[in-house]
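Dear colleague,

I am passing on the structure below, together with some notes on what I found in it. Please read the notes with the coordinates open beside them.

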Amino acid sequence: MGALKLIINGAKGRMGQALIHCAEADPDLIVSAALDHGDDLAAALSGCDAVIDFTHAEVTLGVAEACAKAGKALVIGTTGHSDAVRTRITELSKVIPIVFAPNFSVGVNTLFWLTRKAAEILGPDFDLEVVEMHHRLKKDSPSGTARRLVEILAEVRGLSYDSDVRHGREGMVGERTPTEIGLHAVRGGDVVGDHTVIYANVGERVELTHKASSRDTFAKGALRAAKWAHGRDPGLYDMQDVLGLTD
Ligand SMILES: NC(=O)C1=CN([C@@H]2O[C@H](COP(=O)(O)OP(=O)(O)OC[C@H]3O[C@@H](n4cnc5c(N)ncnc54)[C@H](OP(=O)(O)O)[C@@H]3O)[C@@H](O)[C@H]2O)C=CC1
Ligand SMILES: O=C(O)C1=N[C@H](C(=O)O)C[C@H](O)C1
């Protein structure tokens, strides 16, 4: 089998540049098109095996529709989508394989796994808070990764992301309730991506932290996901599936 031909969408961006650099170092991959604002995705699709999208939340759906029409595997790294867009992406995954993950690093996917295990072991007496920090240019908040961490905590506790998450605190908010999950987004400088899950009880506290210091870790994971997705049955997958990290 020849090298996998990839379209990188969002090629001029921070992640696009990391993806191109990492793909060029991999003899099993060819970047058949590096696309950004204004380029014609539909015209480029016939010459590729898979598409990787790291753009903006409002761009992804059009990319997914085009990939479904052309029958091409899609890897989505973009974050910040509305529930309606997520639902439509899920529908399109009945036509093509889509790997949709808020974070493609092996370390963060290990953190997802550990977060679930720690919540199960520590139980309901521990208060749950998630803190993330990213560079000053990040547009969406909270990060997709932090959202996923809270979703995992909510699943374990039988809570809901929409009604039980508490985004920051300000003013006379009263005492913390046992069912709220705090979520705090910090922005500044050139931080690539830090995430901490805090489990706090009276007398002790557990903190799980991941810190990314290079975007190559996300890029290598997304390239690995593209190889994994090519030729696979249609479906909605995430990086846990790619890594075989399911419980
Ligand atoms: N899943 C993961 O592991 C990771 C996910 N991310 C996510 O990836 C996304 C991109 O991050 P980052 O690279 O830092 O962002 P950037 O803003 O640096 O890059 C996005 C690029 O997409 C371009 N773009 C905008 N519209 C289109 C379009 N219609 N077609 C093609 N390209 C377009 C932008 O152009 P312009 O600037 O002109 O708008 C820009 O060049 C974010 O949602 C981020 O949260 C980031 C890191 C890891
Ligand atoms: O925008 C970023 O930079 C990042 N975004 C992703 C997210 O929103 O979770 C992943 C990573 O933390 C970097």
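Ligand 1 is surrounded by 25 residues, of which the closest are G10, G13, M15, G77 and F218, where a residue counts as near a molecule if its C-beta atom, placed from the backbone, lies within 6 Å of it. The largest share of this shell, three residues, is supplied by helix α1 (residues 14-24); helices (H or I, at least four residues) and strands (E, at least two) are DSSP runs, numbered from the N terminus. By residue type, the shell around ligand 1 divides into eight nonpolar, 13 polar and four charged residues, with Ala, Val, Leu, Ile, Met, Phe, Trp, Tyr, Cys and Pro counted as nonpolar, Asp, Glu, Lys and Arg as charged, and the others, Gly among them, as polar.

Please bear in mind that this is a predicted model, in which local features need pLDDT of at least 70 and side-chain atom pairs count only at pLDDT 80 or more, while totals for chains, interfaces and linings use all residues. Residues are numbered from 1 along each chain as its sequence is written, and chains are lettered from A and ligands numbered from 1 in the order in which they are written.

Around ligand 2 lie T79, P102, N103, H134, K138, S143, G144, T145 and G193, a shell that divides into one nonpolar, seven polar and one charged residue.

The buried residues of α5 are V108, N109, L111, F112, T115 and A119, a residue being buried if 20 or more other C-beta atoms lie within 10 Å of its own, exposed if 12 or fewer, and partly exposed in between, with C-beta atoms placed from the backbone. These residues cover an arc of only 150° around the axis (taken from the directions from the helix axis to the C-beta atoms), which puts them on the same side of α5. They pack against α6 (144-157), β9 (193-201), β10 (204-212) and α9 (239-243), with contact meaning C-beta atoms, placed from the backbone, within 7 Å.

On the other side of α5, K117, E120 and I121 are exposed; K117 has 12 other C-beta atoms within 10 Å. Just after α5, G123 takes a positive phi of about 80°.

With best regards

Note on methods: Contact = placed C-beta atoms within 7 Å.
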